[in-house]
Amino acid sequence: MLARVFAVSDEKALWPLAERLLPKRGIEAYTQALMDLGATVCARRKPLCERCPVARDCGARKQNRIDELPAPRPRRELPQKQVTWLVLRHAGAVLVERRPAPGIWGGLWCPPELAGKRPRGAKALAPIEHGFTHFRLRIKPLLCEVQERTAGRWLRLEDAGAAALPAPVKSLLARLRAGVH
């Protein structure tokens, strides 16, 4: 809201201005009023200028810059993380393990993560990119055909659509079922 009222596009210049406007008393009511006004009247999209108590003095309105203020925040580069999944397959089923409760995909089933060396005979599948709000994840699946099942939960590929799996796992298993690697 202050960016529009004072027609300020530089966020760094806005902070000192906002600090100068703080009242000596009643700061809680003042900041709550600013937040309420910004959320209900001076919204980023479709502001209700006709209902604004400071519309007459609004710099953005006078300069016809309502749509460009406040300036959009630059998108910050998200950190990139990488994991390798070991996709063990036997007779149309893959080994999955439950993810630990705290953390991404907690409680859902995923192929085990590979911590060591790439197993002999493992076939690299197309990497999967998945975005979270605070980072991007690049998944490198390695397909290993095994002769017999080891201990653990084996999920038949045709049952993957109904299982508690994260979207990237469902996508990967659907590709495997369709024969697309």
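**Exercise 1. Find the bridge partner of Arg89 in E2, and describe how the strands around E2 pair.**

Solution.
Step 1. Arg89 has Val94 as its bridge partner in E2. This is a predicted model, in which local features need pLDDT of at least 70, side-chain atom pairs count only at pLDDT 80 or more, and totals for chains, interfaces and linings use all residues. Residues are numbered from 1 along each chain as its sequence is written, and side-chain values use heavy atoms, with hydrogens and water left out.

Step 2. Strand E1 covers residues 80-90 and strand E2 residues 93-98; two bridges pair them in the antiparallel sense. Strands are DSSP runs of E with at least two residues, helices are runs of H or I with at least four, and both are numbered from the N terminus. Two strands pair if DSSP finds at least two bridges between them.

Step 3. The hairpin of E1 and E2 has two residues between the strands, and Ala91 there takes a positive phi near 50°.

Step 4. E2 is also joined to strand E7 (residues 153-156) by four bridges, and the two run antiparallel. Here Leu95 has Trp154 in E7 as its bridge partner.

Step 5. With strand E3 (residues 109-110), E2 forms two bridges, again antiparallel. Glu97 stands opposite Cys110 in E3.

**Exercise 2. Is Arg99 buried or exposed, and which residues does Arg99 touch?**

Solution.
Step 1. Locate the residue: Arg99 is in the loop between E2 and E3.

Step 2. The relative accessible area of Arg99 is 19%, so Arg99 is buried. Buried means under 20% relative accessible area, exposed over 50%, and partly exposed in between, with a 1.4 Å probe and protein chains only.

Step 3. Leaving out residues up to four places away in sequence, Arg99 touches Ile104, Trp105, Gly106, Gly107, Leu108, Cys110 and Glu113. A contact means heavy atoms within 4.5 Å.

**Exercise 3. Which residues does Val169 touch?**

Solution.
Step 1. Val169 belongs to helix H5 (residues 167-178).

Step 2. Val169 has a relative accessible area of 0% and is therefore buried.

Step 3. Residues up to four places away in sequence are not counted; Val169 then touches Trp85, Trp109, Cys110 and Pro111.

Step 4. For a distance, take Glu77: Val169 and Glu77 are 92 residues apart in sequence and 25 Å apart in space, C-alpha to C-alpha.

**Exercise 4. Which residues of helix H2 are buried, and which exposed residues does the face turned away from them carry?**

Solution.
Step 1. H2 spans residues 11-21, and Leu14, Leu17 and Ala18 are buried in this helix. They cover an arc of only 100° around the axis, which puts them on the same side of H2. The arc is that of the directions from the helix axis to the C-beta atoms.

Step 2. Recall the general rule: an α-helix has 3.6 residues a turn, so residues three or four places apart point the same way.

Step 3. Lys12, Trp15, Glu19 and Arg20 are the exposed residues on the face of H2 turned away from its buried side.

Step 4. The buried residues of H2 pack against helix H1 (2-5).

**Exercise 5. How many helices and strands does the protein have?**

Solution.
Step 1. The protein has five helices and seven strands.

Step 2. Along the sequence, they follow the pattern α-α-α-α-β-β-β-β-β-β-β-α.
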